[in-house]
Amino acid sequence: MRTLILGSGLSRETNGWLGTYGFETTAASLGQSLIALRGAIPGLEGHANLSGLATRSQRRTLLGTLRGDFLAQLEAQRHTTDLLLWDLGHELLGVYEYADGYVTRTPELVQSGLDSALARSARHLAFGTDEHFRLWRLALDEWHAKVTALGLGGRTVLLAPRWPRQFDDGSPVGSVANFSPDDLDTVTWHYLQAAQHTVDGLHVVGTDVLGIAQRGRSGEASVFALADVTSHALAEGVNALVYDEESPVPPPLPRVERVSSNDFVVHAADDHASREFALYVTSRDGVHEKFSYQESPTFHVRVTDPGTYRFRLFYKRPHGKVAVYSAPVRVDSGA
């Protein structure tokens, strides 16, 4: 399974554990509120002090936050994304609004010094306020339309653990993003309910998981860095969802290897539920060739006529067959 991340450290750390189950990461966009995807504040990149950030990962995260570039990444990775991993941790510090654009308030933004400048000149919309929720709902509708158009609605997983009450050393968490943990759960529930009612085919994982915060160097709680026990539990939940024999998540997209101008190898990824696979070679004119069900997940295909083709791969699961399409491939000359 190839995953694309929209969220906070919560998704990043969960995805790290998913790697032990064979998941791969295509791209990660951390620190981008849905509201900020509606349009970035122009010119912010030129004012970012990247030297104030200790790691390359933090600098990359900040630049993505300032650009609000997740939708562009989603478009670019649409044919190599089997699972969209999402969480609400990046929403907790709110957004800034300025000049008809938005930027997500993140720890990296604070460390870069931009937060102080924005606090003086831009309007801060705090998480949980009526205005933040109203704009987030509008952005959710737009984001849902985009995800659906790209065929990723049924492939979206929202991580939704309960927020931490304690650190990994057992000491209590006083507040997170100016909320008590109980109040933060209550506020987050409204966003979670909106997501479930809006995003068709959304899968929610982790509502039964109580988060534990990892204590950082400053001694402060961070919902962006939960303890391993939390991210591991979330990863187990995602793995169980995806690889259950009755899984509602569509199987992985075909992986296509071009070996010559007319020859291709099409691979079906192991979804732990399918034992047989079939393949159709298709174009706008219809089906050009059919490969019957076989136990091998690999098909060797030769396309003899010029045109644009897609490979339709069938997975035979216990409850029926499921079909997914590859990205289009272009053949310029006949064989």
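**Pairing strands around β14**

Trainee: In β15, which residue is the bridge partner of F314?
Mentor: Good place to start, and keep in mind that this is a predicted model. β14 covers residues 307-317, and six bridges join β14 to β15, residues 320-325, in the antiparallel sense. Within β15, the residue bridged to F314 is A323.

Trainee: How many residues lie between β14 and β15 in their hairpin?
Mentor: The two strands run antiparallel. They form a hairpin, and the number of residues between them is two.

Trainee: In β14, which residue is the bridge partner of A278?
Mentor: Look at β11, residues 276-283, which runs antiparallel to β14 and is joined to β14 by seven bridges. The β14 residue that partners A278 is F314.

Trainee: Which residue in β16 stands opposite G307?
Mentor: β16 spans residues 329-331 and pairs with β14 in the antiparallel sense over three bridges. Opposite G307 you will find V331.

Trainee: What is the strand order in the open sheet of three strands?
Mentor: The edge strands are β9 (255-258) and β13 (298-302), each pairing on one side only. Five bridges join β10, residues 263-267, to β13, and V265 has H300 as its bridge partner in β13. The pairing is antiparallel, and the order is β9-β10-β13.

Trainee: Over which residues does pLDDT stay under 50?
Mentor: The protein has a mean pLDDT of 88, with 97% of its residues at 70 or more. One stretch, with 13 contacts beyond four places in sequence, stays under 50: residues 217-223.

Note on methods:
Residues numbered from 1 in each chain as written. Predicted model: local features only at pLDDT ≥ 70, side-chain atom pairs only at ≥ 80, totals over all residues. Heavy atoms only, no water. pLDDT = per-residue confidence, 0-100. Contact = heavy atoms within 4.5 Å. Pairing = 2+ DSSP bridges. Helix = DSSP H or I, 4+ residues; strand = E, 2+ residues; numbered from the N terminus.
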